[in-house]
Amino acid sequence: GGGGAADGGAGAPAPPARWGACSGAEARLTRNGGREVTHLWSQDAEGATVAVFAPAGTRAREVQWELGACDVHLGEPVARRLRVALLTQPEAGGDGRVLVDAPLAYPVHAGEDDVDWELVDFAGDAEVRRLVTFTFRKVSPGPNLRLWWNRAFEGDYAIDTAEIEGRRGQPGAFSAAFKEAEQEFRERLRS
């Protein structure tokens with residue numbers, strides 16, 4: 001895995017960041033992505049962000065996360081699953097409440113420095129929820145190729161990647177070549 005219970009590092013944790021819906025937080029967290037019942041997600045050419053909803057009052061030390069379905073791609077560790085849970089009584093080793101435990105739609109780099117996470121307030125949210133936000137480095141299907149995700153988790157609603165803002169090129173010959181390379185990439189991951 002790549003995570004675990006977090007204590008915010010040495011010393012006292014910094015006060016939580018505040019992202020408000022009125023400040024465009026939801027728009028930023030769904031840019032080139034979407035909103036699902038359990039999470040928001042966004043992406044750019046190199047990375048993806050998944051923000052998992054957590055109850056109001058959640059503390060960083062209660063968050064336990066793990067990347068699973070690990071493999072190696074071109075000599076680097078990759079993962080295909082994300083599990084996020086809350087420890088109800090972390091001091092006593094209490095049972096966890098699972099927020100998300102699902103296969104990612106596409107692999108992500110799973111090395112020590114490849115995943116960042118933070119716990120932030122989702123200001124402007126009617127339920128005053130918090131967000132456990134992960135930033136992943138996407139795995140490219142080949143040299144000089146970019147993979148635009150159509151969903152974050154396998155069960156998510158698919159977006160139309162042709163509508164992604166800032167995406168270069170138009171569907172055509174390159175699109176067909178990319179789809180072929182992507183299919184070969186997926187077959188390699190399965191074997």
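Which side chains meet in a salt bridge with Glu76? Keep that in mind as you open the model, which is a predicted one.

**Stop 1: Glu76 and its partner**

Select Glu76 and Arg137. Their side chains meet in a salt bridge, 3.2 Å from N to O. Now colour the strands. Glu76 lies in strand S7 and Arg137 in strand S10, so this pair ties together parts that are 61 residues apart in sequence. Show the surface next. Glu76 is partly exposed, with a relative accessible area of 32%. Arg137 is partly exposed too, at 36%.

**Stop 2**

Glu154 sits in the loop between S10 and H2, while Arg80 is in strand S7, and the two are 74 residues apart. Is Arg80 buried or exposed? Its relative accessible area is 18%, and under 20% counts as buried, so Arg80 is buried. Glu154, at 45% relative accessibility, counts as partly exposed.

Salt bridges with shared partners join Glu76, Asp114 and Arg137 into one network.

**Stop 2: one more salt bridge**

Go to Glu26 and Arg35. They form a salt bridge whose closest N and O atoms are 2.6 Å apart. Glu26 is partly exposed at 25% relative accessibility. Arg35 is partly exposed at 41%.

**Stop 3: the strands beside S7**

Hide the side chains and look at the strands. Start with S5 and S7. They pair in the antiparallel sense over 6 bridges. Select Glu66, and you will find Arg83 of S7 opposite. Move to strand S6, residues 71-73. S6 and S7 run antiparallel and are joined by 3 bridges. Click Asp71: its bridge partner in S7 is Val78. Then take S7 with S8. This pairing is antiparallel, over 9 bridges. Pick Ala85 and look across to Val98 in S8.

**Stop 4: the nonpolar core**

Bring the side chains back. In soluble globular proteins, nonpolar side chains tend to be buried together. Here, the largest nonpolar core has 36 residues. Select Leu82, Val84 and Phe134, the residues with the most contacts inside this core. Which elements give two or more residues to the core? Among them are S4, strand S5 (63-68), strand S7 (76-87), strand S10 (130-137) and helix H2 (173-190). Strand S8 gives the most, with 7 residues.

Zoom in on Phe134. Setting aside residues up to four places away in sequence, Phe134 touches Leu82 and Val84, and its other contacts include Ala48, Thr49, Trp65, Val115 and Trp117.

Another core lies apart from the largest one. This other core has 8 residues, among them Leu29, Ala51, Phe53 and Val120.

**Stop 5: Thr49**

Finish at Thr49, a residue that Phe134 touches. Find Thr49 in strand S4, residues 47-54. Thr49 counts as buried, because its relative accessibility is 17% and the limit is under 20%.

How values were computed. Residues numbered from 1 in each chain as written. Predicted model: local features only at pLDDT ≥ 70, side-chain atom pairs only at ≥ 80, totals over all residues. Heavy atoms only, no water. Helix = DSSP H or I, 4+ residues; strand = E, 2+ residues; numbered from the N terminus. Buried < 20%, exposed > 50% of the residue type's maximum accessible area, 1.4 Å probe, protein only. Core = buried A, V, L, I, M, F, W, Y, C linked by side-chain atoms within 4.5 Å. Contact = heavy atoms within 4.5 Å. Salt bridge = Lys/Arg side-chain N within 4 Å of Asp/Glu carboxyl O. Pairing = 2+ DSSP bridges.
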